[in-house]
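Please look through the structure shown here with the report beside it. The text begins with a detail of pairing and then turns to wider features.

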Amino acid sequence: MSEIDRIADQIASGYRDGAWPGVSVRDVLRSLSASEAAAHPVASCHSAWEIALHISFWHDAVRRRLGGDPVDYRDDEDWPAPAEPTAANWRAALDRMDTVHQTLVDTVRALDPEALERHSPGKSFTVYFMLHGVPQHDLYHGGQVVLLKKVSRSTSLPRSC
Amino acid sequence: MNIKDISTLYAYNRWANRRALGSVRPLDYNEFTRDLGTSHGSVRGTLVHTMWAEWVWLRRWHGESPKRIFDEGDFADLAAVAAYWRGLEDERQGFIARLTDERLDESITYENVKSERWTYTLGHMMQHVVNHSTYHRGQIVTLLRQLGHVPRKTDFLEFFDDPDESETSL
């Protein structure tokens, strides 16, 4: 297996099957209703819906950086505001996240191996380093969403002090 | 999986663990040990579970199959957790320093705590450990927010921007 394919597999695995910790950020987000996803069960934490949009933004940002765009961004692009909390809007956000993810994986698989050693546009880190960050980012937020779901469905757990 | 992958991931893991421990430092004992309903109960329970996983996998890489699971009660406070973790990290750094690409492709068979036998390549196991710790660090950030604290982020994007941070050493 080439290094490119190995990294692409890690990105796919981190998103879709949880890469051994066993909880997929995609699946846990899809297990939530629109109202659960829109809620802020822990007062100072982002909602699951915001996390889904954040993941979409970053998968797309990494793809654009692979194409040479430095992707300077504003806070409201890093953490976009969700649409009205309807089932259709939530499904659309999840479907877009899948599409953006798959486009990133396909883009990584098509990379020239030499691209890994180039610097991400305008950044101090390499493409190689950036790509390893994608599954770590998904796992990190996956762990958060699992807790948000638990708190959301509990009547006894603290939501903030 | 090659040495460069592993070195990158474990540099991140070391940085992120220290940041996480630094964020936990302001908690009082009751907050540190309060059951917040996660799989591992409290902030302390989640930290000790994450550290235990890093320990048990390191033992497996050495050909051992320990059955012991850490009891969070054995770690009275954050200083005890941090001290154990620091020793574990140092041992693992020595292990990584002696690795080769060929060694990462070798398979290792071990028994888990239920005495079930499993075989994976060393590289896959080493990737798994960082993935597992990242997952739980995301949870620790959320638990700290449940307790009303403002933790520092430990995700990889932060590591992009501030990889040389040393202030979190414990």
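## A hairpin in chain B

In this predicted model, B:T109 stands opposite B:T119, a residue of strand β2(B). The pairing to which they belong joins strand β1 of chain B, residues 107–111, with β2(B) in the antiparallel sense, and five bridges are found over its course. Together β1(B) and β2(B) form a hairpin with five residues between the two strands, and in the turn B:S115 has a positive phi of about 65 degrees.

How many of the five residues of β2(B) are buried? The count is zero, and strand β2(B), which runs over residues 117–121, is accordingly described as hardly covered.

## The overall form of chain A

Chain A has seven helices and zero strands, and along the sequence its pattern reads α-α-α-α-α-α-α. The radius of gyration of chain A is 16 Å, close to the 15 Å that the globule rule gives for 161 residues, and therefore the chain is as compact as a globular protein of that length. Along the principal axes, the C-alpha trace of chain A spans about 55 × 35 × 30 Å.

Of the 161 residues in chain A, 39% are buried. Among the contacts in chain A with a separation of 6 or more, 73% are between residues 24 or more positions apart.

## Helix α4 of chain A

Helix α4 of chain A covers residues 48–66, and at 1.5 Å a residue its 19 residues should span 27 Å, which agrees with the 27 Å between its end C-alpha atoms. Buried residues in α4(A) include A:W49, A:I51, A:W58, A:H59 and A:R63.

If residues up to four places away in sequence are not counted, A:I11 touches A:L104, A:V105, A:V108, A:L131, A:V134 and A:P135.

Conventions: Residues are numbered from 1 along each chain as its sequence is written. Chains are lettered from A and ligands numbered from 1 in the order in which they are written. This is a predicted model: local features need pLDDT of at least 70, side-chain atom pairs count only at pLDDT 80 or more; totals for chains, interfaces and linings use all residues. Helices (H or I, at least four residues) and strands (E, at least two) are DSSP runs, numbered from the N terminus. The radius of gyration is taken over C-alpha atoms; the globule rule is 2.2 Å times the number of residues to the power 0.38. A residue is buried if 20 or more other C-beta atoms lie within 10 Å of its own, exposed if 12 or fewer, and partly exposed in between; C-beta atoms are placed from the backbone. Two residues are in contact if their C-beta atoms, placed from the backbone, lie within 7 Å. The expected span of a helix is 1.5 Å times one less than its number of residues. Two strands pair if DSSP finds at least two bridges between them.
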